[in-house]
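Student: I would like to learn how to read the metal sites, the ligand shell and a sheet in a model of this kind. Could we take them in turn?

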Amino acid sequence: MSVLDLKEKSVGNVAIIGHIRPDGDCIGSCLGLFNYLKAVYPQVETKVYLGDPAPRFAYLKGFDQINTIFAQEVSFDLCICLDCSDEERLGDGKPILQLAKHSICIDHHVTNTRYAGENVVEPEASSTCEVLYGLMKEEGITREVAECLYTGIIHDTGVFKYSCTSAKTMAIAGRLMETGIDFTDIIDGSFYRKTYLQNQILGRALLESVSFLDGKCIFSVVRLKDMKFYGVTSKDLDGIVEQLRLTEGVECAIFLYEIESQIFKVSLRATGDLNVAEIAGYFGGGGHIKAAGCTMSGTIYDVVNNLSAHIEKQLKELTNSCTTE
Ligand code: AMP
Ligand code: MN
Ligand code: MN
């Protein structure tokens, strides 16, 4: 029996929530589940809450029904948390979880803390959308649901290229294609296309990037004043860390952007055997082995120095384990 079998649960209303600053997998999984539950359980009142979703996902059905102001003091029969590794990352959604009579967490983060009543966590899955697909009945996967799930999968796999992509991921994507989705448009429109300003800030971040640890590490930062100057927000910075990671010789890419004065959102990406989930975890964040994040405070110099000490330590351990084998 799937955790999504609501008949077994006598549920009148459901709240779907995701993590703060929702990405493609978070928005795709939340709207995929929203459309699925509306189709399969039309009698159940289903609501989705997400903070400030990026307009590039507006083609997804239900995008205009996303509640960006979170319910307060409402006790839902069921709260389903998607793509979120811990309660703190639910942000303003945390009280919805705490007040709900039942809760389910569906996720793929290796650092997931199993904070809900029922937890379906598959760290080997490419994305929450992939986990969700496995819990859905075939007949409920309409073209609209497929568009959402496909979007989540391409975002968390970098369009099927990151190491989290498996044969199973491809098989699921193939099945989703059979519903008739316009995959070319989804990939270009939500993943690759950038606005003029997004390209400008990407260019600036690459231009100002700093290479260190013999070129094994690279970092760049976007400050609040830069965001103001270019008229962009954090949602316009997607893809910068990935471009840094693709620099030849780089084993770890660090990208920071300033949330408030001297408080930085940190994104870490690894190539090779580095485990950045461990490093992000040490600084109170989390994520996946090759893609993780955290929030750190101090000067840029402090933040990069603290991170680089951990990266250097791991790189040394990896070299030692190679030479002793
Ligand atoms: P990002 O660099 O923000 O794209 O995040 C990369 C991965 O790490 C994603 O799977 C995020 O969900 C996860 N992540 C990012 N920041 C945090 C954090 N502060 N705490 C836990 N997980 C995080
Ligand atoms: Mn996510
Ligand atoms: Mn995800």
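Tutor: Let us begin with the metals: the manganese ion (ligand 3) and the manganese ion (ligand 2) are 3.7 Å apart, and Asp83 coordinates both. This is a predicted model, in which local features need pLDDT of at least 70 and side-chain atom pairs count only at pLDDT 80 or more, while totals for chains, interfaces and linings use all residues. Residues are numbered from 1 along each chain as its sequence is written, chains are lettered from A and ligands numbered from 1 in the order in which they are written, and side-chain values use heavy atoms, with hydrogens and water left out.

Student: Which residues coordinate the manganese ion (ligand 3)?

Tutor: Donors are N, O and S atoms within 2.8 Å of the metal (3.2 Å for Na, K and Ca), and water is not among the atoms, so sites may look incomplete. Here Asp25 (OD), Asp83 (OD), His108 (NE2) and Asp156 (OD) coordinate the manganese ion (ligand 3) at 2.1 to 2.2 Å, with the spacing D-x57-D-x24-H-x47-D along the chain. Distant parts of the chain are linked in this way, since Asp83 sits in the loop between strand 3 and helix 2 and Asp156 in helix 4 (residues 143-157), 73 residues apart. Helices (H or I, at least four residues) and strands (E, at least two) are DSSP runs, numbered from the N terminus.

Student: How many residues surround ligand 1?

Tutor: A residue is counted as near a molecule if one of its heavy atoms lies within 4 Å of it. For ligand 1 there are 14 such residues, the closest being Arg89, His109, Lys265, Ser267 and Arg269. Counting Ala, Val, Leu, Ile, Met, Phe, Trp, Tyr, Cys and Pro as nonpolar, Asp, Glu, Lys and Arg as charged, and the others, Gly among them, as polar, the shell divides into three nonpolar, eight polar and three charged residues.

Student: Which polar atoms approach ligand 1?

Tutor: A polar contact is a pair of N or O atoms within 3.5 Å; within protein, one must be able to donate a hydrogen and the other to accept it, and residues adjacent in sequence count only if both atoms are side-chain atoms. A polar side-chain atom of His288 is 3.0 Å from an oxygen atom of ligand 1, and a backbone N or O atom of Gly286 is 3.3 Å from a nitrogen atom of ligand 1.

Student: Finally, in what order do the six strands of the open sheet run?

Tutor: Two strands pair if DSSP finds at least two bridges between them. The order is 6-7-8-9-11-10, with mixed pairing.
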